[in-house]
Amino acid sequence: MEGVMPGQVTAVSRDEGYSFSKPNRDSIRLLTGLGVEGDVHAGETIRHQFRMTYEPNLPNLRQVHLMHEELFDELALKDFMVSAGQLGENITTRGMDLLGLPTGALLHLGEQAVLEVTGLRNPCSKINDFRTGLLGEVFAMDPLSGEFTFKCGVMAVVRRGGTVRPGDSIQVELPPPPHRPLERV
């Protein structure tokens with residue numbers, strides 16, 4: 001874990017139904033191999049509403065959505081007021097570079113829970129339904145490669161369950177090299 005700054009959980013959110021935003025909670029319980037207990041996206045197979053219609057048997061690599069609170073600070077500078085849970089994330093973080101993690105990084109949250117990072121969240125057009133013009137602000141083009149960077153957080157699967165609360169620490173365990181950069185899942 002050398003060279004990787006620890007982070008902190010600033011909010012946790014879940015929703016039983018398909019809605020864009022998720023209400024904040026005092027805590028969430030992560031279930032090994034499934035996701036957030038009581039959240040619509042929990043399950044062994046894909047639970048993304050659109051993708052379930054044509055790929056229903058794919059493994060669910062999007063069990064838990066994490067987003068860095070620093071994105072909200074960046075968006076506020078452009079007059080987009082966004083707070084924890086409003087973009088559909090389950091865990092809001094501060095103090096760590098979520099987007100810079102490699103595929104397979106393990107996140108140790110609180111006393112027990114462990115998540116494995118599977119990829120970047122692919123933001124959808126519903127973001128513009130939430131706030132007009134917001135979709136264009138959660139992408140960035142790399143001037144060197146010409147590739148788009150997706151800034152809407154990362155997706156993960158639950159490797160070890162446990163309760164997660166605001167204020168919990170997040171420790172990062174990097175996979176063995178060579179590290180694979182995150183791709184959209």
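In which sense do β5 and β6 pair, and over how many bridges? The two strands pair in the parallel sense, over three bridges. Here strands (E, at least two residues) and helices (H or I, at least four) are DSSP runs numbered from the N terminus, and two strands pair if DSSP finds at least two bridges between them. Strands of a sheet pair through backbone hydrogen bonds, either parallel or antiparallel.

The model is predicted: local features need pLDDT of at least 70, side-chain atom pairs count only at pLDDT 80 or more, and totals for chains, interfaces and linings use all residues. Residues are numbered from 1 along each chain as its sequence is written, and side-chain values use heavy atoms, with hydrogens and water left out.

In β6, Leu66 has Ile91 as its bridge partner. β5 also pairs with β11, in the antiparallel sense and over three bridges, and there Val64 stands opposite Ala156. Five of the five residues of β5 are buried, where buried means under 20% relative accessible area, exposed over 50%, and partly exposed in between (1.4 Å probe, protein chains only). Val64, Leu66 and His68 point one way from the strand, while His65 and Met67 point the other way.

A nonpolar core is a set of buried Ala, Val, Leu, Ile, Met, Phe, Trp, Tyr and Cys residues joined through side-chain atoms within 4.5 Å. This core has 26 residues, and those touching the most other members are Leu30, Leu66, Ile91, Leu107, Leu109, Leu115 and Val164. β8 gives the most, with four residues. A second, separate core of 13 residues includes Leu75, Val82, Leu87 and Val138.

Leu107 touches, among others, Leu66, Met96, Leu115 and Ile170; contact means heavy atoms within 4.5 Å. Met96 lies in the loop between β6 and β7. Why does Met96 count as buried? The residue counts as buried because its relative accessible area is 8%. Its contacts beyond four places in sequence include Met5, Glu70, Leu107 and Val172. Met96 and Gly33 are 63 residues apart in sequence and 24 Å apart in space, C-alpha to C-alpha.

Another loop, between α1 (70–76) and β6 (91–94), holds Glu89. Glu89 is buried yet has no salt bridge, a term for a side-chain nitrogen of Lys or Arg within 4 Å of a carboxyl oxygen of Asp or Glu. The nearest side chain of opposite charge, Arg121, is 5.8 Å away; Lys and Arg count as positive and Asp and Glu as negative, with His and the chain ends not counted. The side chain of Glu89 does make a polar contact of 2.9 Å with that of Thr92. Such a contact is a pair of N or O atoms within 3.5 Å; within protein, one must be able to donate a hydrogen and the other to accept it, and residues adjacent in sequence count only if both atoms are side-chain atoms. A polar atom of the Glu89 side chain also lies 2.6 Å from the backbone nitrogen of Gly85.

Finally, an open sheet of three strands has the order β4-β3-β12, with antiparallel pairing. Its edge strands, β4 (35–36) and β12 (162–164), each pair on one side only. β3 and β4 pair over two bridges, and Leu30 has Val36 in β4 as its bridge partner.
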